[in-house]
Structures are given as C-alpha cells and as structure tokens.
Amino acid sequence: MKILVISLLRLGDILMATSVLRSLRREYPGAELHVLINGQFQSVANIIPFVNKVYSFDRAGIQQILGSQDRNILEAYFRIEDLVEQLQTEGYDQVVNLTHNRLSGWMTALIACPNTRGVVFGVNGKFSVGSGWFEYLNDFTDPSSDNVFHFVDVFHYGAGLSGADRRIELLETKAGAAFAEQTYTKYADKKRILIQACSNENKKTLAPKKWNKLIRVLQNLEPGIQVFILGAPNEKEAVAAICADNPRLIPVICNLEQAYSLIKQGHLLITVDTSIKHIAAATKIKILEISVGSSEYRKTGAYTPGAVILQGVVPCAPCSHRGGCTQPTHECAEKISAEMVAMVASGMLRQDEMALRTLAHEYKDEVLLLKTHVNSRGDWAAYPLAESFSAKEINSWIDRASFKLYLQKTHEKAVGEYGTEGLELKQLLENIFPDRAKQDWVTELKSLEKNVTWFETQVGEFLNKLKSLLGAMHEPSRFSQYIVELEEFCVQAEQSNYFKSYSRQLLLSIKDSSADNNQFQVVKKLREKLSHAHQRTKIELKLIRGLQTGFMEII
Amino acid sequence: MSSMAPLEFLNSKQGWIPVVNGTLLHSSVNPEKEAISFIDAEWSKINSLKSLIVLGVGGGFHIRELLKRKKFHIVIIDSNRELVDAIIEKQPEFLGSAEILAGVPPAQICREPSVIKALSGSYCILRHPASVRVAPFYYTAISQILNQRTLTNLRELSQGNIPLQRFLESLNIASDQILTLPMVEEAMSRRQSEMEKEGLIWMAMRELVL
C-alpha cells in the first residue's frame, strides 16, 4: 500500500502533519508513506519520521518563472507536469491532502488517486473535501467563534484516523545531537532556557527592548539559569541585537535539526515562532508561547499538554497573516509586559500552578493566560486560567464539544459517544474552574439546560414550518412571513449569551436568500442551517444532562 | 552573428580557454572553480529538471561541471560555429553527451529537433555570462524566441508534447495573442468540457499567480 500526504503550506504545517504520519504508520504498518511539501522546506525532510520518500514542489521557482516576462510559461508548465508524472507513477492507494487551498486541490486532482481526503477538484472544476472536518475548515472561519479546533485534530479526524496518540514526533540526527552537546558542554549544571525571539513576520514578535528587559527580570528571578537566544541563519543580526547588552546571553544560530536537539535538552522554551513551538511539542521541554500578531493559538498552539500561552487582550487578535499590523501601535504585543512573561516563565520552572493562576487573574485585563490540555481521546484545548464561572463560559465549552461530536457524525451512529465525551468535558471544566462547589455546577447547568431546551424547541418548530412551506411555494407571502419570523427569532437568539454562533449562521443564510431568486435553493440552504443547529442543540442537551448527572453523583 | 569574430585559445593549467574578440570566455586562473561557482549558483533552480538549454559553449568547463553532477539532456546553442568546431575537435566527448547547435538563425531555433525534445518536459535556459557578453544580440534574439508567450509560438515550442499541443488548440484563442493564465482559465470555461490533465496543470499554475 502506498499513501501520499500533501502539506503545501508553511513549515509549521509540515511539522503538525507528522502527527498524521505517525497515525498512518500505526494504522498501516506496512504501507509506504510519501509526502509532498514545498521545496523551500526540503531541509525538514531530515527530521520527519515515518516517511519513505519526500517529494518537493518548487513553488517559489515556478512562481518566479510565471512572474518573469523573459521566461517561458511552458517552463512552469513542464515543471508541474514532471512532478505530476512522478507522482502518478507511484500509483498511490490513498492521498491525504492536509493543505486547505485550491492549489493543493488541483495537485490532488492531477495525481488521479480514487481514494482522497481533503480538498480535491473534479474534472468539472468543482471541489470536494471528503470529510466534514475539512468542510469545517471551509465553512467555519468566524474568528469570534468559540468553535475553533486545532489543526492537528482537524487533520487527524479529517484523514479518518482513529487513536488518541496524536503527538508531533521528530527524528534526532547525529549532527543535531553533536551540536547540542557542544553548545551545552559548559552549562550542564544550569537550567537551560531557550528563547526564540524572531519570527518570519515582524508583527509576531515583541520589541527587542522588551526581550532585553524580560530576560534580565528572568535572570534575577532565577539565578540558576542559562539563557540561549536561538535564531536561524537569516536571523543572525536580530539575535546579535538582543544579546548585545547582556553578556550573560548565548546566541545560537542553528538549523532545524540542531534546534530540535537543543530544545530536546532544554528546560524551558519561550517562543513567538510557530515552527520552533511545534518542534518543541515533539520534546518534553516546557513551552511558553507568546501569541501575538497573526498567531492563532486555537489552531496552531503547542500540541502538548501543560504548555502555557499568552495573548494580549485586544479585539484585533489574532489578525490576518496578510499585511502588517493595522493598528497605530503593536497593541497586542504591548499588552504583554516583560515582567509578566518573566514571572510566568519562573512559575513554570518552579511548576507553581498557583502562581500562574494568580498572574492570570492579576493581568486579566491585559493578557489572556492559557494552559494547554490534551484529553485521553487525544483532543487538544487551551483553557484560560482566569475565567469567570458562569453558564455562558460553561456553554462555550459544551458548544465546542457538541460541534466535535457533530463533525464526527455521532448523531448518525447507533451508539453515541456522549458519555465518554461528557467525562472528558467534565474534567476540562474542572481544570478551568477548579474551586467551584458541585452545587454551583448543577445550578448553572440547570439554567443552561432551560435555555438550550427553549432554543432546540424553537429551531425544531422552524424546521417543521419549513417542511410545510415546501408544499406552498406558490404562495410567496407565506414564505416572506416565515423569513420575517425566523429573522426575529435570530435577533432574539443573538441577544442571548448562548446561541450567537447559530443565529449568525442563520442570519447570513437569510441575507443570502434575499439575493437568490431560486426559492428551492433558499429553502434547501435554510434547512441545512436549521438542521445543523437542531442536531447540535440536541447533542448539547445530552452533554448538559450528562454533566449534571456527573456533578450530582458527586454531591 | 559573431561567427566571424576572431578566435584564439589560451592555454591554462586546466585546459584551453577560448578568447573571442579579445574577450576571455573563462577565468584564466581557475576556470574549473569558476564553473563550479556558476553551477552552484544555479543548482537549486536546475537540479530537478530533465533538460537544459545552455546559451554559450565557452570552453565547455560549465558543461563538464553539469554533466559531472547529473545526466541532463543538454542542448547547447552557440553563435560561433568556429568556436564550436574547435571545442569539438579539442573535446570530442561533448558530441556524445550534449547536442550542439552552432550559428542556427534564431527564427529557425524552434524547428530544431533537439530543442523540440528539450521543450517537451521540464527545462531551464542557462546563459553562460561570458558567451552572452560576446554576442548579446544573437542570444537576446534566441531568448526572445524561446520565451515568447504568443499562442503560435507556444504551439510551435510544444511540438514534442502532443497532448499539450492539442490542449492549446482546443482553447480557441487567436494565434497572435500573448497567452496569460486568466485567458487560459476563461477559454477553458468557454469550452464547457471536462478538464483533462493539461487543463488541471494550467489551473494549478493559475493559483500560483493569484
């Protein structure tokens, strides 16, 4: 059996894809695993495990040809054709496309494998994705939504894989290990703190002065440490600038394999860079992730339990990858003070959970302090350490869990997984609100149940009315009346704390419906959205009742 | 064309170095090292390709370096027939390892079977800087022909790739039009037929410039 995994985005995406590679290796031990990655990241091939062959797509080279008037367009054409021919010759039994973009969809179509997962275009130019999880990437892009899943989980479920072990795993090279040994020779007795202060985007890092201050405060708080400032060869100047005024710092310019070995033997990593964070997630080092600019921790946070994430509390975070910071000042980075980062790092080194929670509360207005969690089913979450206990907050986690079950099509299965999911959810909620009395839980859950029951009933009624409307399409006034009522309901739901995500989706469909002249299409779309909301609220109710039972048993 | 340019050879420790019109075509100190640096600089661009069209044979140092690294299909185009004859006489092994076109008029270049073969799969045009400096007008004309994006020219260049040629014909675009990716996309949607492999490749190219 031969399987190709396509990862045609950035380095971080390739590193996250190693989780899928390890699951594929486990599920198909004898299979030949190949990957297709962008040529500029070819060097990562040295540290990717489980793979028999790496193909590279010369994206930069082809783009250069296409953009240059003195190169022939056929040069680009033949380069793609050459690669496609090689891939077709392999005769893959399965292609898993983990790149959610159109280019990868055309490339997957060109490989012409009958069994694909992820975006693929058909000969009619229409695309399909093969899994509700990849559809989710397409449909649910609302940044204000709570229902955001980590890419590793989306890739895992989207690829149709089972198993809970979704760790990122990398290979250590001899050269990398030797480099780390040489770098650390003099500092064997010290706690080794690694700092990756540079990132490929300026808006994803802190100001150099802040780094200097942060390091000095940390050195004062933790005298037994040695700080190493990591950087890629193209970050040499920035690393030197950070080290300039502090003779106790060690600058380390390294490649990926060297970085992996260094991190593997380190005690704490403070990073703004996504790729370095994913490399660290493959080791046991403690990770402190500073999430600024376009860094979206909910999708790409450190995929390991116990990592700490800091994000400035600003409405624009996270911003888009495209372009620079749109604010007059780099607000999300400015909110994160040097002292706070140093104190959090110190708390992590001392494994002082209480200190972290105290800091989370103290800096609540400026910084969101989160801790990562991976449950026994392998699902990742980052939960805030200073959240106020309320039905609204509880609901946001129930909502997310229900969405996962919905994407897993649990409601279509004879035997549901509500119990197991409910137990995981209970544990997560208890981590978020550790000191709440069980009676408080029951009270909030009861209030939530009441609200969700109301919503579920209303949506059910709107679904039934829609069904009866199908037989009365010749009466446009009835349909218009229905739309008015539905809109009123959505506005009411929007005002509640619990159903914003549903009402937003429904309102969007209503808005689209005014532009669509095909009434059957409009009804179809509305029915889809209402059914989705109905199924989801049914799942939520099961989870809420399960949680109530769980907490009541304890009482 | 510069086929009448005075030609001399300078003997170096590493072999004969042609001097055309008083211009040395390689370093007289270390031509091999110079060739290695030249190919090193281009390597990431060319290492995965099938064919190379090299503009300028020079003293052949860069060709030898290429052949040392990979068995490319190499087509050498040179303006100076006299130089090519002299190089073949001094290094007859070139005849077996590369195809050489000497002094072919630019307008004829696309009809040469070796060029058609090179343009039927992945390729790159490598310009030997000193050779191009000696006969800039000839090589500019050759480059223009090889890089022209009119449909007529693309059809001519793709003679070695029948499915691609058929695809280009199916687009129903005027022959003198300079082909752009949006134009191909639009022409494909006009056809209203299922997309073949060639069409899918053009769509992938389209994504790369969006």
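1. Chain A is divided into domain 1 (2-158), domain 2 (174-374) and domain 3 (390-555), where the bounds come from an automatic or database domain assignment. This is a predicted model, in which local features need pLDDT of at least 70 and side-chain atom pairs count only at pLDDT 80 or more, while totals for chains, interfaces and linings use all residues. Residues are numbered from 1 along each chain as its sequence is written, chains are lettered from A and ligands numbered from 1 in the order in which they are written.

2. On confidence: the predictor gives the complex an ipTM of 0.86 and a pTM of 0.88. Chain B has a mean pLDDT of 89, and 98% of its residues reach 70 or more; pLDDT is the predictor's confidence in each residue, from 0 to 100.

3. In chain A, the C-alpha centres of domain 1 and domain 2 lie 30 Å apart. Their contact takes twelve residues from domain 1 of chain A and 13 residues from domain 2 of chain A (two residues are in contact if their C-beta atoms, placed from the backbone, lie within 7 Å). On the domain 1 side, helix 1 (11-27) and helix 6 (151-158) of chain A each supply at least two residues, and helix 1 of chain A gives the most, with four residues. Helices (H or I, at least four residues) and strands (E, at least two) are DSSP runs, numbered from the N terminus. By class, this side of domain 1 of chain A has eight nonpolar, four polar and no charged residues. Ala, Val, Leu, Ile, Met, Phe, Trp, Tyr, Cys and Pro count as nonpolar, Asp, Glu, Lys and Arg as charged, and the others, Gly among them, as polar.

4. Chain A has 21 helices and 15 strands. Its radius of gyration, taken over C-alpha atoms, is 25 Å, close to the 24 Å that the globule rule (2.2 Å times the number of residues to the power 0.38) gives for 555 residues, so chain A is as compact as a globular protein of that length. Along the principal axes, the C-alpha atoms of chain A fill a box of roughly 80 × 65 × 50 Å.

5. An open sheet of eight strands in chain A has the order 10-9-8-11-12-13-14-15, with mixed pairing; two strands pair if DSSP finds at least two bridges between them. Strand 10 (250-253) and strand 15 (380-384) of chain A are at the edges with a single partner strand each, so one side of each is left without a neighbour in the sheet. Neighbouring strands of this sheet are turned by 25° against each other on average, direction ignored.

6. Leu230(A) has Val252(A) in strand 10 of chain A as its bridge partner. Helix 17 (residues 418-432) of chain A lies across strand 14 (367-374) and strand 15 of chain A, at about 30° to strand 15 of chain A. Axes are lines fitted to C-alpha atoms, for helices over the stretch in contact, and angles run from 0 to 180 degrees between N-to-C directions.

7. In chain B, the assignment gives domain 1 (7-147) and domain 2 (151-209). Their C-alpha centres lie 31 Å apart. Five residues of domain 1 of chain B are in contact with six residues of domain 2 of chain B.
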